[in-house]
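Reader: Hi! Could you walk me through the pockets and the core of this one?

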Amino acid sequence: MTIKTGRWEPPNKSVRVSQLQFVAALFTIFFMTMLAASGVALSQGTTTTPAQLSEPKVIMEADPLPPFTYWVPENSTIRNHPRLSSVWIAETADGLRVYYFGDRCRASEFQGFIGKRLDAFPERPADATWRMACSICAVTSDLGRERMNVFYDDVSRKITSISCG
């Protein structure tokens, strides 16, 4: 006769698990964990095929060096910003200046999407800050180093640049 006390009571029977069943269960848990972790990484916007980043011919006068040079126009000179650390300026002979604010937003991982249609770009992860704007559209001039800016052509809707800032 069993008396119900309102709380859970373990059964009287002992459950025996073979060593093979135990190892199979551990393997299943490990496999499911790894599968879930890879799904999280993909949902966070990592590209499945890393882009080959361009390495233009430049004159490097910066110290410390920028982590990447894909953003630099060919034959320009790279210098450190005079007042802001982790900001680099590439200047061409004709005076064009391009500023680089580092890679906190992971823009380097998305360079392979330049030249592709905007609808090919992955979904934005919940914890990321992205700004999508056409290349002739007005945007605020505030600096957000963790924000990724994705600019695209208004007519063709092809991505023209991806950068942090």
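Reader: Which strand gives the largest share of the lining of the largest pocket?
Author: That would be β7, with four residues. Keep in mind that this is a predicted model.

Reader: Okay, and which elements supply at least two residues each?
Author: β4 (97-100), β6 (147-152) and β7 (159-164) do.

Reader: What volume does that pocket have, and which residues lie nearest its centre?
Author: Its volume is about 330 Å³. Of the 21 lining residues, Tyr70, Trp71, Ser161, Ile162 and Ser163 lie nearest the centre.

Reader: How does that lining divide into nonpolar, polar and charged?
Author: There are 12 nonpolar residues, eight polar ones and one charged.

Reader: Nice. What about the second largest pocket, how many residues line that?
Author: It is lined by 12 residues, and Cys105, Arg106, Asp127, Ala128 and Trp130 lie nearest its centre. The volume is about 190 Å³. Its lining has six nonpolar, two polar and four charged residues.

Reader: Switching to the inside: which residues have the most contacts in the largest nonpolar core?
Author: Trp71, Phe121, Met148 and Ile162, in a core of 24 residues. The elements giving two or more residues to this core are β3 (88-91), β5 (129-134), β6 and β7. Trp71 and Ile162 also came up among the residues nearest the centre of the largest pocket.

Reader: And Met148, what does that touch?
Author: Leaving out residues up to four places away in sequence, Met148 touches Cys105, Ala107, Phe110, Phe121, Thr129, Trp130, Arg131, Ile162 and Ser163.

How values were computed. Residues numbered from 1 in each chain as written. Predicted model: local features only at pLDDT ≥ 70, side-chain atom pairs only at ≥ 80, totals over all residues. Heavy atoms only, no water. 1 Å grid on protein atoms, 1.4 Å probe; cavity = no way out; pocket = protein on both sides within 12 Å on 5 of 7 lines; lining within 4 Å. Points joined across faces, edges and corners; volume = space filled by probe spheres on them. Nonpolar A, V, L, I, M, F, W, Y, C, P; charged D, E, K, R; others polar. Core = buried A, V, L, I, M, F, W, Y, C linked by side-chain atoms within 4.5 Å. Buried < 20%, exposed > 50% of the residue type's maximum accessible area, 1.4 Å probe, protein only. Contact = heavy atoms within 4.5 Å.
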